[in-house]
Amino acid sequence: MKCTNNRMDHRARRRSRMRRKRRQRQRFIAAVLICLVVLAGAGTAAGVFITGQFKNYTADYEAEYYNNSLYQGTMFSSDICVTAEEVSLEGFEPDPEVNSAGLFDLEQHEVLCGYNLFEKVYPASTTKVMTAYVALKYGNLDDVVTVSDHAVDFNWDEVTCGLRAGDTVTMYDLLCGLILHSGNDCGTAIAEHISGSEEAFADLMNQEAAALGATGSHFVNPHGLHDDNHYTTAYDLYLIFNACIQDERFVEIISMDSYTGTLNGADGTVRTETWKPTNLYNSGRHDMPQGIRVLGGKTGTTKLAGNCLIIYDENMEQHPYISVIMGAPNRDTLYAQMDLMMTQGITGDQTDQASTE
């Protein structure tokens, strides 16, 4: 009987030791997982920077080893270009009157040029990229929108798409007018339809910008008319534009050479308005640099913002890029700087060699 009790005591002690070891393993695994989550927040945001190129070892490690059953999200920096400092581009010297510039290689996830990327700038109508992102995420493009009095309350020198109070227009037509012709009236009509007011829509814009990592931005309206508290950075604008081009509908619209919108008047009349791109590359008013195809983009101009442009472009092998110039003193400088930056960063010496043959 004594032997049996000893065996039982021994088995009990062994089970107790096994339970302790099991708890220790569980605590250890939990600690490792917590560390991985912390590193995911810190490492993927900061990463390792080598001469302007982001080497995302943390994200690579997570993607290979992290238990996908525990975390189903996408690692933040797995598909974006990241840098913590200025990135010079050989052969491109930014004009001292330009506020900021950036060139982003979307295939290699590399910042090829970064000039004042994180400096606060006024976005003017490049704001409408953020408006489009929210509209595509929360709106139904088949919806029919009734245009309010407020949506057409703009000065004569502020760009509109010809909307009139009481008009009914599809959300898709409004989005085309917003992106191609940069219609301020389209921006307000979209904002009021989705959120009830421009103010509520701006709150949604800020919420979505923060979710994209665009934490250096603050929006107060959907169109970009000047407000001291309405600002962004060239890098934030890249993040927002990069999110937009993941949606084929956005790419389809920015690639159009024109679009004819249908406006149904309150009196039963039907009008049409044809809208063309405001960026000179896609409107055919400025030649694309040799070896580069501009798919589309968004302009913005106010007195305080200067001349701004962000574009989606590619080389002849269809290797994609995003290029941005903010705050050029005039349109000629804007396109000259964009041409030079794209030529040096995308095609390099090949363009010069091709032009001499």
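Strand E9 gives the most to the lining of the largest cavity, with three residues. The structure is a predicted model, in which local features need pLDDT of at least 70 and side-chain atom pairs count only at pLDDT 80 or more, whereas totals for chains, interfaces and linings use all residues. Residues are numbered from 1 along each chain as its sequence is written, and side-chain values use heavy atoms, with hydrogens and water left out. Helices (H or I, at least four residues) and strands (E, at least two) are DSSP runs numbered from the N terminus.

Two cavities of 30 Å³ or more were found in a search of the whole structure. A cavity is a set of points, on a 1 Å grid over the protein atoms alone, where a 1.4 Å probe fits but cannot get out, and its lining residues have an atom within 4 Å of a point. The volume is the space filled by probe spheres set on the points, with grid points joined across faces, edges and corners. For the largest cavity this volume is about 40 Å³. Its lining consists of Ile179, Leu180, Ile254, Pro277, Thr278, Asn279, Gly297, Lys298 and Thr299. By class, four lining residues are nonpolar, four polar and one charged, where Ala, Val, Leu, Ile, Met, Phe, Trp, Tyr, Cys and Pro count as nonpolar, Asp, Glu, Lys and Arg as charged, and the others, Gly among them, as polar.

The second largest cavity has a volume of about 30 Å³. Tyr122, Pro123, Ala124, Gly224, His226, Asp227, His230, Thr302 and Ala305 form its lining, which divides into four nonpolar, four polar and one charged residues.

Arg271 is located in strand E8 (residues 270-275). With a relative accessibility of 13%, Arg271 counts as buried (under 20% relative accessible area, with exposed over 50% and partly exposed in between; 1.4 Å probe, protein chains only). The side chain of Arg271 makes a polar contact of 2.7 Å with the side chain of Asp167, a polar contact being a pair of N or O atoms within 3.5 Å, one able to donate a hydrogen and the other to accept it; residues adjacent in sequence count only if both atoms are side-chain atoms. Arg271 and Asp167 are separated by 104 residues in sequence and by 9.8 Å between C-alpha atoms.

Helix H3 (residues 127-138) comprises twelve residues and reaches 17 Å from its first C-alpha to its last, close to the expected 16 Å at 1.5 Å a residue. Ten of the twelve residues of H3 are buried, including Val129, Met130, Tyr133 and Leu136.

Conventions:
The expected span of a helix is 1.5 Å times one less than its number of residues. On a 1 Å grid over the protein atoms alone, a cavity is a set of points where a 1.4 Å probe fits but cannot get out, and a pocket is an open set with protein on both sides within 12 Å along at least five of seven lines; lining residues have an atom within 4 Å of a point.
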